[in-house]
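Here's a quick tour of some side-chain contacts. Have the sequence and the model open while you read.

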Amino acid sequence: MRRHRHSRITLSLGFILILFLLAAVAVIGVTRMAAIKSRMDAIVDQQNVKTALVAAMHNAARERSISLHRMALMPDPFERDEEYLYFRRMAWDFIKARDTLVKMALSTVEQEALESSQKLTLNASRIQEDIYLLIAEEHFAEANRRLLTEALPAQNRVLAQFNMLLDYQRQAAREAAQAADLEYRHGLYSLVGRGLLSVGCGVAIALAVVRNTLRAERALFNEKERAEVTLHSIADAVISTDALGQIEYMNPIAEQLTGWRHAEGRGLPI
């Protein structure tokens, strides 16, 4: 009886342990995958914002150069004034995008590229302002000459710097996505490994319980066999009943004394 109770306790503990392991694997796996997905989304979002800001700076710088060319071709001063407002608005858009980008977490390469582009942009802006003054005074020939010889090369250097920064950010985004994908696969492999470990533990516990149960049954059978041999061999009559008083066992001496064989009396009231 004690062995049977011990087997039941072992079986219960085994199932509890299996459930605990499976729950732990599920919680750890879901948490890990959610963290990886969240980190991947954050990296992608950040890179997208950076790329959009650099693209906005690139577009604003290009539009300022185009606007200056249009002003140099406009004979009407009122049209030039309207174009000049657009020229100034592009400068404001450029500054706003740059200030937002500077406040973000930037790598060393990005910081160096921004510093370099800042110097180039200041130089190009000074040239553009000088050319605008020439346009405002209607010195169109000199303005067009400086546009071609000074403003355009300076602006091309600025745009080239932004193109390089955009290429770097695209490459950084690809590398970040690859790193996140690798981490995701590692997490998946870890989850599968923990699941297999849990299954292995469950199998080991089940085998242990089965072995203990079989051992207990064999021991109980052996004890019963020894008890029957003992009861058969003693010289006294022995009759055993269940809780209701119905005969379960009669040894040969009891059969001789009662005249009832064991098979005939089994199950009858005492």
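Glu138 sits in the loop between H3 and helix H4 (140–233); helices here are DSSP runs of H or I with at least four residues, numbered from the N terminus. This is a predicted model, where local features need pLDDT of at least 70 and side-chain atom pairs count only at pLDDT 80 or more, while totals for chains, interfaces and linings use all residues. Residues are numbered from 1 along each chain as its sequence is written, and side-chain values use heavy atoms, with hydrogens and water left out.

Phi of Glu138 is near 65°, a positive value in a residue other than glycine. Most residues other than glycine have a negative phi. Glu138 is partly exposed, at 45% relative accessible area (buried is under 20%, exposed over 50%, partly exposed in between, with a 1.4 Å probe and protein chains only).

What does the side chain of Glu138 meet in a salt bridge? The partner is Arg80, which is in helix H2, 58 residues apart from Glu138. Arg80 is buried, with a relative accessible area of 6%.

A search of the whole structure turns up 11 salt bridges, each being a side-chain nitrogen of Lys or Arg within 4 Å of a carboxyl oxygen of Asp or Glu. Here are some of them, with N to O distances:

| Pair | N to O distance |
|---|---|
| Glu138 and Arg80 | 3.3 Å |
| Lys50 and Glu110 | 3.1 Å |
| Arg64 and Glu129 | 4.0 Å |

Lys50 belongs to helix H1 (residues 2–72) and Glu110 to helix H3, 60 residues apart. Both Lys50 and Glu110 are buried.

Arg64 lies in helix H1 and Glu129 in helix H3, so their bridge ties together parts 65 residues apart in sequence. Arg64 is buried at 7% relative accessible area, whereas Glu129 is partly exposed at 22%. A network of salt bridges links Arg64, Arg88 and Glu129.

Arg64 also lies over the face of Phe87, 3.9 Å from the ring centre; a charge counts as over a ring if NZ of Lys or CZ of Arg is within 6 Å of the ring centre and within 35 degrees of the ring normal.

Phe87 brings us to the rings. Ring pairs link Tyr84, Phe87 and Tyr132 into a cluster, and the structure holds three aromatic pairs (rings of Phe, Tyr and Trp, with its six-membered ring, pair if their centres lie within 6.5 Å; planes under 30 degrees apart are stacked, over 60 edge-to-face, the rest tilted). Tyr84 and Tyr132 have ring centres 4.0 Å apart and planes at 20°, so this pair is stacked. Tyr84 is in helix H2 (residues 77–102) and Tyr132 in helix H3 (residues 108–136), 48 residues apart. Both Tyr84 and Tyr132 are buried.

Conventions
Helices (H or I, at least four residues) and strands (E, at least two) are DSSP runs, numbered from the N terminus.
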